[in-house]
Amino acid sequence: MTCTYRRFRFSAAASSAVALFGAATLFTLQTLAAPLATPAADAGLRAIHEVQGSGPSSPLLGQSVTVEGIVVGDYQGAGGLKGFFLQQSDDSVDKDPLTSEGLFVYDGGSGTAVKAGDRVRVAGVVREYNGLTELVAPLRVTLLGSGAPLPKAVTLRLPLAAGADLERYEGMRVRLPQALTVSEVYDLGRYGEVLLSSARLMIPTEVAAPGAPAQKLQARNDRDRILLDDGRSQQNPDPIRYPAPELSAFSSLRVGDRVTGVEGVLDQSSEGYRVQPGATPRIEAVNPRPAQPQVEGRLRVASFNVLNYFNGDGRGAGFPTARGASTAEEFQRQRAKVLAAILASRAAIVGLMEIENDGYGADSAIADLVKGLNAGAARGERYAFVDPGVAKLGGDAIAVGLVYRSDLVQPVKAAAILDARVDPRFDDSKNRPSLAQSFRELDSGEVLTLAINHLKSKGSACDGDPDTGDGQGNCNLTRARAAQALVDWLGRDPTASGDPDYLILGDLNAYTQEDPVSQIRAAGYADLASRFVGVGKAYSFVFGGQSGALDHALASASLLGQVSGAAEWHINADEPRVLDYNLEFKTARQRDTLYNADPFRASDHDPLVVGLDLARP
């Protein structure tokens, strides 16, 4: 499905309006709400910088004006921005550094044909659209000549200086001469846009203490970003232009890749400033897709968020479900990717998050997953799952789980569950209950206990536990209390293993320097990603153009000496979401070209793999 109206992005209020009225109605409401006063008498020829003014909006809003300039960007073509950018010639600019010399002319895509280098005169009404100053109908466009030299491009460098304001360059030619890094590709398939920065941006609380240090880093990160657009207004474009010639399941654009030659016109939208390209930038795949995780050790353990693995009724029907795949076909596409990732990890034990919480019967999601693993496993490999002996693990739609290779390890005694009944500090109305199971390695006879966790997310506020602005987001106290309850619980040997070797795994929904992870470290556990990946280098998730580790592996003091390695397997977080299993918002062609039954974009979190050489008796 492809929409061909001018692109705009939703605020929270706009999202509510969409829910009530639909996107088409909202577009109409926004357009009508824009200041389109009845044009006054033509006040004569105006310089573009007069129209722009030195503030965030035009001082001539709603007035009819006439301007002259050189076309610096033509985006009138099919699927384009429905207009063109006009800039004052270099010999007629003013001396005020705060006024822009560029302007967008919105003609609906059906106005007078122009091209870069044309000198034109335009009469129209001044309007602000999502922060962009533009001229709109009634329009008169007169071609005065062709082949004029383009105005000199403004040079921009990231990060911008503190207090810098790009408003002064709105609608003007710009160039970024430095090599830039892809920081986010979340909306590459939806809007054709890529977020760029001077280097990979880290979530502040991944590398800095909450509070003033994190806030200072966030302010710098906010100055170190700009969107690279594709010159089109289409949603769900086909083809997706980055990387050239087009994105596919086998030719991806990943966070961390390098981009050079960025130049074009500085556009503005509700999402911020963006460059509409004048030429195709050069992209270098400096962050190639990784092969199987390279981790030493006789025994591998992995943590994997499977992003709402819901299998309907377990017999091929029952879709759509509360979460996850909308149809049986989508589920089979999702299932193939998740199975490929788990099998390729070569883990003997896998802690799961976001698997459907529908019990442990033959039609359950976890039983379906294990059935698929056994169908795809190599000869001699046999997978099983831990049944904790309850109908469901807590009351949420999703749960944690444990699957294991029964040819390598065997459960020791029964599993144990941490919830509010065990410790009131662990609020399982918000956190998913934690699951612990001891395993005996068949080769060595040694025992290891795993605790798999999925703590409360930052996405919504908790009563009495709001976002305090220190960088840790919503519900930090809820997660911190749960983390303290977890280490205290493990200290009491809940599985009666008699062995002090514990490994805490899972999505803690807290970055490395945040309170929940710090409390677990303070209890004597070692953060394996920091030790083996590197302090300040770990990440398993990308959000808002910033990377950080939400998924952790922390080893007890006695286990640490038996850990031979740990690695984040970056198959998901760096990949565009459009490469996932979903069929929505894709053309019939893209449903094939953007999908492959491989591990890449099986989820939105990266698996974390730990290698162990458990001490022999």
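Two strands pair if DSSP finds at least two bridges between them. Strands (E, at least two residues) and helices (H or I, at least four) are DSSP runs, numbered from the N terminus.

This is a predicted model: local features need pLDDT of at least 70, side-chain atom pairs count only at pLDDT 80 or more, and totals for chains, interfaces and linings use all residues. Residues are numbered from 1 along each chain as its sequence is written, and side-chain values use heavy atoms, with hydrogens and water left out.

**Stop 1: the sheet**

Select the six strands of the open sheet, in the order β18-β19-β17-β16-β29-β28. The pairing is mixed. Look at the edges: β18 (383-385) and β28 (563-568) stand there. Each has a single partner strand, so one side of each lacks a neighbour in the sheet. On average, neighbouring strands are turned by 20° against each other, direction ignored; the axes behind such angles are lines fitted to C-alpha atoms, for helices over the stretch in contact, and angles run from 0 to 180 degrees between N-to-C directions.

Next, select β17 (residues 349-356) and β19 (residues 398-405). Six bridges pair them in the antiparallel sense. Pick Gly351 and find its bridge partner in β19, Leu402.

Move to β28. Its antiparallel partner is β29 (residues 608-612), joined to it by five bridges. Ala566 stands opposite Val610 in β29. Is β28 mostly covered or uncovered? Mostly covered: five of its six residues are buried. Buried means under 20% relative accessible area, exposed over 50%, and partly exposed in between (1.4 Å probe, protein chains only).

**Stop 2: the disulfide**

Select Cys462 and Cys475. They form a disulfide, with sulfur atoms 2.0 Å apart; the cut-off for such a sulfur pair is within 2.5 Å. By this rule the count comes to one disulfide. The torsion about its S-S bond is about 105°, so the disulfide is right-handed. Both cysteines lie in the loop between β22 (447-454) and α9 (476-491), so the pair ties together parts that are 13 residues apart in sequence. Cys462 and Cys475 are both buried.

**Stop 3: a pocket**

Now show the second largest pocket. Its lining includes Tyr186, Arg190, Asn236, Arg577, Asp580 and Phe585. A pocket is an open set of points on a 1 Å grid over the protein atoms alone, where a 1.4 Å probe fits, with protein on both sides within 12 Å along at least five of seven lines; lining residues have an atom within 4 Å of a point. By class, the lining has three nonpolar, three polar and five charged residues.

Notes: Ala, Val, Leu, Ile, Met, Phe, Trp, Tyr, Cys and Pro count as nonpolar, Asp, Glu, Lys and Arg as charged, and the others, Gly among them, as polar.
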